[in-house]
Structure formats: structure tokens, C-alpha cells
Amino acid sequence: MAEPKNDLPAVIVLGNSSFLKLYGEQFSSKFKLLKPWESSLPLNQFITTHSQSVQAMLCSGGTRVTPSLLSQLPSLRVIVTTSAGLNHMDLDECRRLGISVANAGTIFSEDVADFAVGLLIDVLRKISAANRFVNNGLWPIHGDYPLASKVGGRKVGIVGLGSIGLEVAKRLEAFGCIISYQSRKKKPVHYPFYPDVHELATKCDVLVICCALTDQTRHLINKEVLLALGKEGIIVNIARGAIINEMELVQCLVQGEIAGAGLDVFENEPNVPEELLPLDNVVLSQHVAFLTEDSFQDLYELMSGNLEAFFLNKPLLSPVLDD
């Protein structure tokens, strides 16, 4: 790869994500990327070396943007994160310091919604479990696989009716599902609204978690909510693992107090509770609901567009905080 031109605007990059591995060369044609993992210096020393000059940061969702980190970068004026979620960032501190923040916006919404629906179909129709049944040579021995459950007609409660939640609702409505939702505020939609997630669970047999992780939503889905969902209930989580009390979810699944789960996210990633691994009523994936070639191409254009806008003193394309 050619050496970056010295006159390109400098961007410190924290978090060597798969996105950057795919699009690093394109970024390097526009920006001088300061990558700690390519330096022999320890991270803190690397940051200190560039602390007085660097104005822009590109980071991944796995990068903790804390007051301590921000204090090491006094010249920082913009942070562009490749994630839609912002629970890894101290937004209050960014606001206090006058640092603008841009994220992935709604780039991933359709892909994540597709994946949520896929998880629900898989759990109900037992696709992954049936695949294991065939691969393990059990069909000739045990005959037909146990009956699965229908998708259409399910009463689906969506927790968080933002851009992803709306896309999930649109898709499941086409399957003939009956949609209702819980959110911070009532939305201008025709779906029934429940301000309390426990009440929503009593009215539904499926919960799809689509809300952001905040102090208010951490462990929002606990044993009481799961028991209200009932023994025929299914839970799908494509948001953040800590929105569900994972220990209580595991207990409910193992004890048969809910019928199944489709989980793309976990409370202590990449660690997955061992109790879930043998369960045929649970479908697991490794926080990949947003990962498609199409969304990554769109993400590159948005991320590079945000950085270009900053250096040209223009409005950010997907601002979360805009000083």
C-alpha cells in the first residue's frame, strides 16, 4: 500500500474493525490515518504523540470513548463512529467539550430488521435445529422431526420503535403478525402503544428488542417481563445484550418458562452462556445482524462523507451531537 500523503487531514483510528480492514485503503486515499496497532508505541503513548494536533477520530462500536480518553485528546473536535448504537460513548462529556459526534445513522436498519425476522422464523420453524438433526444423521434413525410453529398470526411486541423497529414491524405485518410496541414516546403509527414493557409482554407472544442500550433500558427485560410473555413466548434480541438480564433469560429458557429465543447480542460478548449452546429452541449468532456487503459500502460513503464535511467546515451527514 502506498504511503499516505503528508498533506492529507489526519484522523486517529481507534478499533481495528472488519469495516476498516475492508475500506482502509479507500480511507487512506482521503485521510492520513493514524493507526495505533501499526505503531511500536503503547496506545497511551501513541495518543499522547498526536494529542495536540489530531482533530478527528474514527472509531468502532467496541471502542470505549471515556472522559479519560477524551482528556488525552484536547484538540479533538469530531468523533465519527461506525456503529449505530452509542452506548460505548460518553455523549455528555463530548457535549461538554464541544466535540461533534456522527454515527452510522439508519444505514443498518433494513439489514438488522431482516436478520431479526430471520431469527424469529428460525426459532419458530426450527430451521437451525432441523439442520443439526439432518447433519447428525438422525433423520433415518428417528424419522420425522418434531412439528414447528407458524409465524403468521403471532402477536409481536416491538421494544423500541425507531428506524429498526419500524422496519421489523413492516416486515412482520406482511407475514400477518399483529404488531404492538413499547417506546419512550408514542409514535404517529397505527400500532397499539404500551408505555410499560411488562404490560406489552402480557399482550404478546413474541418480543423483538430494538431499543438502544441506556441506563434506563439496561436489564429492561427481566424475569418478570419474561414470565409475562409466557411459556409460549419467544424473544428476539438484535439490539444490545445488556437490555436483557441474561442470567434470568437463561433460567427461563432452561426451565421452560418461555418457548425460545433468537439472540444476536449478549451481555458479555464474545462470551455466550454455555447453558444456551445445547438448546434446540435457541438460535445464536455473533453480533452480525448489521453485517452485509451492501451496508458496509454505504457505511464507508457515510463515514468518509462525515469526515470530509468536518474538514471542509460543512454540516455532518449523520450528526448525533453537532457543536
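Which side chain meets that of Glu-308 in a salt bridge? The partner is Lys-30, with an N to O distance of 3.4 Å. A salt bridge is defined here as a side-chain nitrogen of Lys or Arg within 4 Å of a carboxyl oxygen of Asp or Glu. The pair links distant parts of the chain, 278 residues apart. Glu-308 sits in helix α12 (residues 293–311), and Lys-30 sits in the loop between α1 (18–28) and β2 (32–34). Helices (H or I, at least four residues) and strands (E, at least two) are DSSP runs, numbered from the N terminus.

The model is predicted: local features need pLDDT of at least 70, side-chain atom pairs count only at pLDDT 80 or more, and totals for chains, interfaces and linings use all residues. Residues are numbered from 1 along each chain as its sequence is written, and side-chain values use heavy atoms, with hydrogens and water left out.

Both partners of this bridge can be described by accessibility. Buried means under 20% relative accessible area, exposed means over 50%, and partly exposed lies in between (1.4 Å probe, protein chains only). Glu-308 has a relative accessibility of 32%, so Glu-308 counts as partly exposed. Lys-30 is also partly exposed, at 28%.

By the rule for salt bridges, the count comes to eight. Another of them joins the side chains of Arg-171 and Asp-114, at 2.6 Å from N to O. Arg-171 belongs to helix α8 (residues 163–174) and Asp-114 to helix α5 (residues 109–125). The two residues are 57 residues apart, and their pair links distant parts of the chain. Arg-171 is buried, with a relative accessible area of 19%. Asp-114 is partly exposed, at 40%.

A further salt bridge connects the side chains of Asp-280 and Arg-132, with 2.8 Å between N and O. Asp-280 lies in the loop between β10 (260–263) and β11 (282–284), and Arg-132 lies in helix α6 (residues 127–135), so the pair ties together parts that are 148 residues apart in sequence. Asp-280 is partly exposed at 43% relative accessibility. Arg-132 is partly exposed as well, at 34%. Shared partners also matter to the description: salt bridges join Asp-114, Glu-167, Lys-170 and Arg-171 into one network.

Aromatic contacts come next. A pair of aromatic rings is described by the distance of the centres and the angle of the planes. Rings of Phe, Tyr and Trp (its six-membered ring) pair if their centres lie within 6.5 Å; planes under 30 degrees apart count as stacked, over 60 as edge-to-face and the rest as tilted. The structure holds eleven aromatic pairs. In one of them, the ring centres of Phe-27 and Tyr-300 are 5.0 Å apart and the planes stand at 85°, so the pair is edge-to-face. Phe-27 lies in helix α1 and Tyr-300 in helix α12, so this pair ties together parts that are 273 residues apart in sequence. Both Phe-27 and Tyr-300 are buried.

Phe-310 and Phe-311 form another edge-to-face pair, because their planes meet at 70°, with centres 5.0 Å apart. Phe-311 is partly exposed, with a relative accessible area of 28%. Ring pairs link Phe-19, Tyr-23, Phe-27, Phe-31, Phe-296, Tyr-300, Phe-310 and Phe-311 into a cluster.

Several backbone features stand in loops. A cis peptide bond joins Glu-269 and Pro-270, with omega about 10°. Pro-270 is placed in the loop between β10 and β11. His-219 has a positive phi, near 60°, and is a residue other than glycine. His-219 lies in the loop between β8 (206–209) and α10 (223–229). The residue His-219 is partly exposed, at 29% relative accessible area. Asn-313, also a residue other than glycine, has a positive phi near 60°. Asn-313 is found in the loop between α12 and β12 (319–321). Asn-313 is exposed, with a relative accessible area of 72%.

One more loop residue is Lys-150, between α7 (139–142) and β6 (155–159). Lys-150 is exposed, at 64% relative accessible area. Lys-150 and Leu-73 are 77 residues apart in sequence and 54 Å apart in space, C-alpha to C-alpha.
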